[in-house]
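Here is a friendly walk through a structure, one region at a time. Keep the sequence and the 3D view open beside you while you read.

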Amino acid sequence: MKSLPYFNKREMRKIAGFEFELTRNITIGQYVPTGSIIHRMDPRIKLAVFTLLVISMAICDTYVGNFLALMFACLLFYISRIPISYGLSGVKPAIPFILLLALLQLLFYSEVASGGEVLLDYGFIHITTDSIRLVIVSALRFIEIIFISSVLTLSTSTTQITHGMESLLRPLRTVKFPVHEFALIITIALRFVPTFALEMEKMMKAQASRGAEFGTGAWWRIVQRTKDVFPIIIPLFNVAMSRAEDLVLAMESRCYVPGRERSVSKKYKPSRTDYAALMFCIAFAIVLLTFPFPY
Amino acid sequence: MTEQPILEVKHLQHIYMKGTPLEHHALAGVSLKINKGECIAVIGHTGSGKSTLIQHVNGLMRPQAGDVVVDGMDLADPKIDIRLLRRKVGLVFQNPEDQIFEKIIGDDIAYGPFKMGLPIKEVRDRVKWAMELVGLSFEEMKDRATYALSGGQKRKVALAGVLALRPDILVLDEPTAGLDPRSRNELLERLKTLNKKENMTIIFVSHNMEEVAYMADRIYVLADGRNLVDGTPEEVFVEAEKLREHYIGTPDTVEILAQLKAKGFAVRQNAYQLEEAANEIIALL
């Protein structure tokens, strides 16, 4: 019989009971109610501000500007009283991607960012101060955007987000865009992320109790590893189908008719703080976009 | 009893989402001591930590604080053979029929034994043994499609899938939830047979007090992640007041006898089994 020989720190954590706690790793759709001023903001204003900030962060390409934006993102965590570890846990899975991107940009983006001093010129590799700036700035951007999206989703319930979105997209109805259906689809999808994570957790535990092992085979044995997940995926699919059927029945029994005009139970009304936040963020975005930062 | 208990849990604690604002104390110091061949019921109101507790028994969760020792294996030790442990302890989840994934009954039950790396002959024997135990005819049913089964039959298949591992301890989370009365009674009979004839240690979680009264040798009552009461059914059902405080009822028989006694009739309070209770009432008439 094979016994488990050696554990590093990560595996210790795994066997300490986190192995199957998938819900812990899924921050999307997770709402952390702290009742802060950001939580109480009008979701439409929040979404508008979020879009504005993302755009200005994506365009701003100076060190100072991005440093300010990063500070601002951290400040948002402080104001919303959400531990910054939540934001960091969102950054963690993106690290390999950020590194890969940085490497590619460093090696192959010299044509785009050809300005500045040439630091290294060897064969096809040209590294200039501008390409280094590009690498650092895009890594910062990534982190900023992950941070502010985390604040948005952690401080706003999914219902609020979709209601806000529906309300902001309302003008599109004039061009026959099904705004309500679109919002409903997103609500349902987000609503079921944690549900299916729980179902999957349960399924993994049930199959592990019958001797299943996940992710233990060598990576090149792709067929074997794919086969290993069948005992989870197939039942999960079944469960998803029956849940969908239940949902359809529940909606129809409450008189849902697709395409029919619907009223809303809660009308949002922006407060003075909302307008103040909006003004401040517009100002911040303008600074990021237009101020001539020295670096 | 002087013999070594097959399962011992001491002051077990578990906190979900530790270190986050959503942290939740599911277990706050639970202790159990279970001997080989016993049939144990774990009861408690929703959120009392029953499901978390039973997941510790086969190592799906490891103790954050406290001890869990299964047949000499200490689960706090990261070096124990977890696969051996899961063979010793068969865990049947709530609605286990959801976990069936093969097209054919026999294949699904054989999944566990195959994963153990047993030779085909042995697997076949085990599947046959497990199917007969749960009351499915091996010859007739092994090649049937799983999706065409009734709820009760699916649950039997799922149960057989766990039994095919030949565990020493069988742990079930609400085994009869959602079954019709006939399937429920049949399943309980099968479990009782397993316990008595195969000497399998059974631990089950239940909300149905009649079921508990009928099956259990001993009962552990949990509330808010702690032991509330434990002991034989007689000992536990006497504490009706304490149980009611935590929204746990007692079997109808216990209630009726208690009310009869309150009205001044001389009845035995501990005659909680349906037949005994009936005899007590007949004796009064």
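## Around strand β9 of chain B

Strand β3 (residues 39-44) of chain B and β9(B) pair in the parallel sense, with five bridges between them. Strands here are DSSP runs of E with at least two residues, helices are runs of H or I with at least four residues, and both are numbered from the N terminus. Two strands count as paired if DSSP finds at least two bridges between them. Within this pair, Ile40(B) stands opposite Arg218(B) of β9(B).

This is a predicted model, in which local features need pLDDT of at least 70 and side-chain atom pairs count only at pLDDT 80 or more, while totals for chains, interfaces and linings use all residues. Residues are numbered from 1 along each chain as its sequence is written, and chains are lettered from A and ligands numbered from 1 in the order in which they are written.

Ala223(B) has Arg226(B) in β10(B) as its bridge partner. Two residues lie between the strands of this hairpin, where Asp224(B) takes a positive phi near 50 degrees. Strand β9 (residues 218-223) of chain B is mostly covered, with five of its six residues buried. Buried means that 20 or more other C-beta atoms lie within 10 Å of the residue's own; with 12 or fewer a residue is exposed, and in between it is partly exposed, C-beta atoms being placed from the backbone.

## The open sheet and its helix

Now turn to the open sheet of chain B, where four strands follow the order β2-β1-β4-β5 with antiparallel pairing. β2 (24-34) and β5 (73-74) of chain B are at the edges with a single partner strand each, so one side of each has no neighbour in the sheet. Strand β1 (residues 7-16) of chain B pairs with strand β4 (residues 65-70) of chain B over five bridges in the antiparallel sense. There, Glu8(B) has Val69(B) of β4(B) as its bridge partner.

Helix α1 (residues 50-57) of chain B packs on this sheet and touches β1, β2 and β4 of chain B, its direction making about 55 degrees with that of β2(B). For such angles, axes are lines fitted to C-alpha atoms, for helices over the stretch in contact, and the values run from 0 to 180 degrees between N-to-C directions. α1(B) is mostly covered: seven of its eight residues are buried, including Leu53(B), Ile54(B) and Val57(B). Just after the helix, Gly59(B) has a positive phi of about 80 degrees.

Where do the nonpolar residues gather? The largest nonpolar core has 84 residues, and Ala160(B), Val171(B) and Val221(B) have the most contacts inside it. Such a core is a set of buried Ala, Val, Leu, Ile, Met, Phe, Trp, Tyr and Cys residues joined through C-beta atoms within 7 Å. Domain 1 (7-250) and domain 2 (251-285) of chain B both give residues to this core, so it lies between them. Apart from it lies another core of 26 residues, among them Ile38(A), Ile45(A), Val49(A) and Phe77(A).

The domain bounds come from an automatic or database domain assignment. The C-alpha centres of domain 1 and domain 2 of chain B are 32 Å apart. Each of the two domains of chain B gives nine residues to the contact, where contact means C-beta atoms, placed from the backbone, within 7 Å. On the side of domain 1 of chain B that touches domain 2 of chain B, α8 (209-215) and α9 (233-237) of chain B are the elements that give two or more residues.

## Where chain B meets chain A

Between the chains, 29 residues of chain B are in contact with 26 residues of chain A. On the chain B side, the elements giving two or more residues are α2 (82-88), α3 (105-115) and α6 (151-163) of chain B. α2(B) supplies the largest share of that side, four residues.

## Chain A

Chain A has eleven helices and two strands. Of its 295 residues, 23% count as buried. Strand β1 (residues 118-122) of chain A pairs with strand β2 (residues 125-128) of chain A over four bridges, in the antiparallel sense. In their hairpin, which has two residues between the strands, Gly123(A) takes a positive phi near 60 degrees.
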